[in-house]
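Notebook open, model loaded. I wanted to look up a few charge pairs and some helix packing, and jot down what turned up.

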Amino acid sequence: MTEGFQPRRRGGAVATFSGFEADLLRSLASQLIELLRDEAAVPTTEVDPFEALLDFSGPTNEPDDPVLARLFPSAYRDDEEAAGEFRRYTETQLRSGKAATAGALIDTLEEAGLPPQLDEDGLTIDVELDPGQAIAWMKTITDMRLALATRLGIEEGDEELWEQLPDEDPRTQVHDIYDWLAYLQETLVRSMGG
Amino acid sequence: MPVEYEESQLDDLTAADRPWQTVVWNDPVNLMSYVTFVFQQYFGFSRRKAEKLMLEVHHDGRSIVSSGSREEMERDVQAMHEYGLWATLERADD
C-alpha cells in the first residue's frame, strides 16, 4: 500500500502507487467527471423555449443529485433569487473546472505509466506533481471524498458507527476507500507545507 | 465636489458600500489541515490566522473569512466551492 505523498525537492509532491491504487484513483476521477457532466447544466426556469435554446448560461436551480448539491451549494442562504443568479453565472464554470481538474489527474496517472487496462500484477506508478498539480489533486481528492461521504451519509462525529460496520456490509469497503483518500490528502497537504 | 448630498443619495451610498462577508461552514468531510491550507493558499493568510479561522469553523460551525463588496465576496465564495469548501455570502449586518 502507498505511503502517501512526500515533499518533492523542487516543490510539489511525489508518491508511489500500486497499479491497483492508481487504477482506483482513475476510476473515482472518471466517475466524478461522468457525474459532473450528467445533469445537463442548462437553465430550467426559462419558459420560452426559443429563449431557452438561445440561453447558454448556467442553471438557476440547485441540482437534484445530492452529491452535485454538495459540490455546488447555494451561495445565499436566505435569498433564493440571488442564489439562482449566482448559480447561473458560476455553476457551468465550476462544473467544467472540476471536470478538467479530475481529467488532469487521470492524465498524470497515465503519463506515469498506468495502462488503459490494468492487467499486470506488481505494477508500481511513480507520480510526481509540481505545486500547481498538487493543489489540483487536492481539489479532486476533496471532490471524491465529498461524493463518497454524501453517498454514504457521513455525518459529524459518526466515526464509531463506521468502525462497527461488519466487513460484509458493502458500505465498509466504500468507507475504507474514503479513509484512504483522507490519508492521501493529509500526506499531500503536509508535503505542501500545510 | 458637491458639499451636500440629498438624503436619498446618502442612503444609496451607504447601501452600496455596505460590506458583505464570506462565511465558511463546518462539514464532516474536509480535513482540518486542508481547510487551513486553503485559507493560507487562497487568502494569503498566515498559518496562525488560517488555523484560527479553521478552528472557528470547526468549533462554532462557521467563520467569517473575508469581507468586502458583494462582487468580491461572490468571487471568494466561488473559489471556496472550487476547493470543495461549503461557503456562502451575506450582508455584514445580518
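**Charge pairs**

I started with R87(A) and E91(A), whose side chains form a salt bridge with N and O 2.6 Å apart. My working cut-off for a salt bridge is a side-chain nitrogen of Lys or Arg within 4 Å of a carboxyl oxygen of Asp or Glu. Both R87(A) and E91(A) sit in helix α4 of chain A, four residues apart, about one turn of the helix. Helices here are DSSP runs (H or I, at least four residues) and strands likewise (E, at least two), numbered from the N terminus.

Buried or exposed, I asked of R87(A)? R87(A) is buried at a relative accessible area of 5%, and E91(A) is buried too, at 2%. For the record, buried means under 20% relative accessible area, exposed over 50%, and partly exposed in between (1.4 Å probe, protein chains only).

Ground rules before going on: this is a predicted model, where local features need pLDDT of at least 70 and side-chain atom pairs count only at pLDDT 80 or more, while totals for chains, interfaces and linings use all residues. Residues are numbered from 1 along each chain as its sequence is written, chains are lettered from A and ligands numbered from 1 in the order in which they are written, and side-chain values use heavy atoms, with hydrogens and water left out.

How many salt bridges does the structure hold over all chains? I get 14. One of them joins the side chains of R8(A) and E128(A), N to O at 2.7 Å. R8(A) is in the loop between β1 (6-7) and β2 (13-18) of chain A and E128(A) is in strand β3 (residues 124-129), so this pair ties together parts 120 residues apart in sequence. R8(A) counts as buried at 16% relative accessibility, whereas E128(A) is partly exposed at 41%.

K52(B) is exposed, at 53% relative accessible area, and E56(B) is partly exposed, at 24%. Back in chain A, salt bridges with shared partners link R8(A), R10(A) and E128(A) into one network.

**Chain A as a whole**

I counted seven helices and three strands in chain A. From the N terminus on, the order is β-β-α-α-α-α-β-α-α-α. Chain A has 194 residues, and 48% of them count as buried. Taking contacts (heavy atoms within 4.5 Å), I see that 72% of those in chain A with a separation of 6 or more are between residues 24 or more positions apart.

**Helix packing around α5(A)**

Next I looked at helix α4 (residues 80-111) against helix α5 (residues 131-152), both of chain A: their axes are 9 Å apart and they pack at about 110°. That makes α4(A) roughly perpendicular to α5(A), a label I use for 65 to 115 degrees (under 35 is roughly parallel, over 145 roughly antiparallel, the rest oblique). Axes are lines fitted to C-alpha atoms, for helices over the stretch in contact, with angles from 0 to 180 degrees between N-to-C directions.

On the α4(A) side, K98(A), T101(A), A102(A), L105(A), T108(A) and L109(A) meet residues of α5(A), among them W137(A), T140(A), D143(A) and M144(A). The residues of this α4(A)–α5(A) contact divide into six nonpolar, four polar and three charged. Nonpolar covers Ala, Val, Leu, Ile, Met, Phe, Trp, Tyr, Cys and Pro, charged covers Asp, Glu, Lys and Arg, and polar covers the others, Gly among them.

What does K98(A) touch? Not counting residues up to four places away in sequence, K98(A) touches L36(A), L71(A), F72(A), D143(A), H81(B), E82(B) and G84(B). K98(A) is buried, at 3% relative accessibility.

Helix α1 (residues 19-38) of chain A also comes up against α5(A): the axes come within 10 Å and cross at roughly 75°. That again makes a roughly perpendicular pair of α1(A) and α5(A).

Last stop was L148(A) in helix α5 of chain A, which is buried at 15%. Leaving aside neighbours within four places in sequence, L148(A) is in contact with V174(A), I177(A), Y178(A) and L181(A). L148(A) and V174(A) are 26 residues apart in sequence and 7.5 Å apart in space, C-alpha to C-alpha.
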